[in-house]
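Here are some notes for a first look at this structure. Please read them with the model open.

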Amino acid sequence: MIMDYFLGLDCSTQSLTGILIDFNKKKSIYSYSVNFDKDLPQYKTQNGVYISNGGKVVHSNPLMWIEALELLFSKFIQINLPLEHIKAISGSSQQHGTVYLNSSFESILKKLDSDKTLASQIINVFTRKTSPIWMDSSTTKECEEIRHKLGGMESTIKKTGSNTFERFSGPQIRKFFKQNYDDYLNTSVIHLVSSFLSSILLGKNSPIDHSDGAGMNLMNIETKEWDQKALDATAPNLRLKLPPLISSYEITGTISPYFVEKYKFAPNTLLITWSGDNPNSLIGIGLTTKGRAAISLGTSDTYFAYLKQLNVDLSGEGHVFGAPTGDYMGLVCYKNGSLAREKIRDRFDLTWKEFSKILKNTPPGNNGKIMLPYFFPEIVPLVLKPYVYRFGFDENDLKGNVRAVIEAQFLSMKLHSEWVREEPEEIYATGGASTNLEILQIAANIFNTNIRQFEVTNSAALGAALRSSKSYYDSTKKIVDWTELVSHYLEIQKNVIIKPNRKHSALYNDMLDVYKKCESFVLKDGGDPEQYRKDFIKKYFDK
Ligand code: XUL
């Protein structure tokens with residue numbers, strides 16, 4: 001029997017997941033997640049991160065990711081997964097986070113001893129002990145400085161695909177250079193989370209792929225090369241500290257002997273460049289043609305769509321990243337995703353089942369109660385000081401809060417994704433909260449579009465596994481088409497379609513206007529929205 005297995009890994013904010021797929025049977029045969037807080041309590045993270053400075057500084061621990069990788073592989077061995085039949089591996093990781101390493105990093109990787117743990121051998125290679133990640137919002141000053149040096153917002157967007165954003169790698173690097181100059185000088189390589197973990201498996205420095213590289217404010221979005229002007233605007237001699245850029249489908253080499261000796265991978269297991277979690281999800285959820293968009297409801301909520309053509313958001317809220325197919329993807333990212341939903345659930349001591357029941361039994365439009373849910377600093381719209389604004393209710397209103405947080409999340413998503421001009425014919429839902437049908441029904445009504453739900457919520461790890469199979473077969477000259485490849489896995493996931501209720505969609509269309517007025521009142525000194533909210537209540541609720 002031919003066994004062609006492929007492994008996809010995903011290092012997200014809160015966990016590290018592995019999915020093994022059997023290419024011939026066209027299905028995923030095993031998946032397992034290591035939870036950082038629970039399985040590695042010695043790192044003392046909360047939801048996978050360390051938060052300080054009033055929520056502005058958010059870091060994680062690169063050594064913890066490495067230990068998680070070994071825990072995951074030990075689990076594979078424990079249940080006798082046939083790791084020797086894995087043909088290729090690729091990975092996914094939270095985007096934007098940066099890892100800072102000294103000159104011994106590569107030489108240590110080249111002579112790892114399989115009798116010792118990875119963590120014990122690389123503990124001294126970090127010039128910055130913890131890594132700033134995508135939740136960090138402490139670089140406003142650096143964003144302004146870089147944007148200014150690049151000639152303002154519009155030219156920054158046209159050059160790098162995005163305005164400067166607090167969580168992007170370039171501003172993170174600039175802050176380090178300014179605040180820890182000596183440590184910056186001692187840094188010989190700066191990796192993204194994706195290229196760092198890719199390097200560990202490879203046993204030498206790995207390149208950064210075009211998809212994840214686009215989230216740095218350092219890569220030219222058209223040429224897909226490091227942009228010298230952006231590098232100069234960020235930190236001195238940065239070019240020398242960054243690995244090269246390559247396409248997301250390129251083979252970077254074979255697995256390091258450390259993993260062959262310790263976990264019995266085949267020595268010729270191919271490694272495919274790692275990428276960001278959103279680009280991987282694009283594949284894992286089957287967005288390989290026009291007219292498809294997705295919502296990913298995880299620690300961050302994201303809305304993203306496949307773009308055949310480069311189309312940037314000149315309003316400065318959205319991003320264009322590379323897509324692993326070699327095309328582009330548009331993305332809008334929210335920090336107040338699952339953690340905001342959990343804040344309300346925990347405040348009222350609810351189970352998710354009770355939470356859903358409330359959604360089911362409360363009216364669309366929430367009797368005009370509107371929330372701006374900035375429990376944490378928000379990315380879109382930019383909110384640096386967290387505060388939860390409530391219009392027409394207060395924090396003790398159980399039902400009002402439950403419905404308000406969900407309606408707010410999707411109203412905001414609809415409002416701020418309008419720049420992705422290609423109207424989706426259907427939206428695919430992934431991520432932990434996508435298992436909740438009540439939540440998806442609200443999304444369907446607000447977007448006035450069918451929402452397709454998947455059983456598999458680990459679309460980023462699945463995407464990485466699928467990418468590795470595509471690159472492997474490309475190298476053997478077997479023709480595998482992207483859309484055909486992903487279609488097999490989508491069928492297997494027995495997806496459910498949630499249809500919008502047209503009556504409720506009309507209500508949400510009106511509510512969107514009121515939501516927009518509330519947002520502009522609070523964030524842009526716009527006019528008082530109260531009269532508009534009252535008119536909305538009169539139209540839909542004063543019967
Ligand atoms: C995307 C973003 C988040 C992280 C979460 O730009 O910042 O979605 O990738 O892991």
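**Notes on a helix pair and a strand**

1. The crossing of helices α2 and α9 is right-handed. This is a predicted model. Ten residues are listed at the contact by class: ten nonpolar, no polar and no charged. On the α2 side they are Pro62, Trp65, Ile66, Leu69 and Phe73. On the α9 side they are Val193, Phe196, Leu197, Ile200 and Leu201.

2. Two packed helices are described by the angle between their axes and the distance between the axes. Here α2 spans residues 62-78 and α9 spans residues 193-202. The angle is about 50 degrees, and the axes lie 11 Å apart. That angle makes α2 oblique to α9.

3. Now turn to strand β16, residues 301-307. How many of its seven residues are buried? Seven of the seven are, so β16 is largely enclosed by the rest of the structure.

4. In a regular strand the side chains alternate between the two faces of the sheet. In β16, Asp301, Tyr303, Ala305 and Leu307 point one way. Thr302, Phe304 and Tyr306 point the other way. Residues of both sets are buried.

5. Which strands pair with β16? One is β15, residues 292-297, antiparallel over five bridges. β15 and β16 form a hairpin, with three residues between them. Within this pairing, Ala294 has Phe304 of β16 as its bridge partner.

6. Strand β18, residues 328-334, also runs antiparallel to β16. Seven bridges join the two. Tyr303 has Val332 of β18 as its bridge partner.

Conventions:
Residues are numbered from 1 along each chain as its sequence is written. This is a predicted model: local features need pLDDT of at least 70, side-chain atom pairs count only at pLDDT 80 or more; totals for chains, interfaces and linings use all residues. Side-chain values use heavy atoms; hydrogens and water are left out. Axes are lines fitted to C-alpha atoms, for helices over the stretch in contact, and angles run from 0 to 180 degrees between N-to-C directions. Helices (H or I, at least four residues) and strands (E, at least two) are DSSP runs, numbered from the N terminus. Angles under 35 degrees count as roughly parallel, over 145 as roughly antiparallel, 65 to 115 as roughly perpendicular and the rest as oblique. A crossing is left-handed if the near helix is turned anticlockwise from the far one by less than a right angle, and right-handed if clockwise. Contact means heavy atoms within 4.5 Å. Ala, Val, Leu, Ile, Met, Phe, Trp, Tyr, Cys and Pro count as nonpolar, Asp, Glu, Lys and Arg as charged, and the others, Gly among them, as polar. Buried means under 20% relative accessible area, exposed over 50%, partly exposed in between (1.4 Å probe, protein chains only). Two strands pair if DSSP finds at least two bridges between them.
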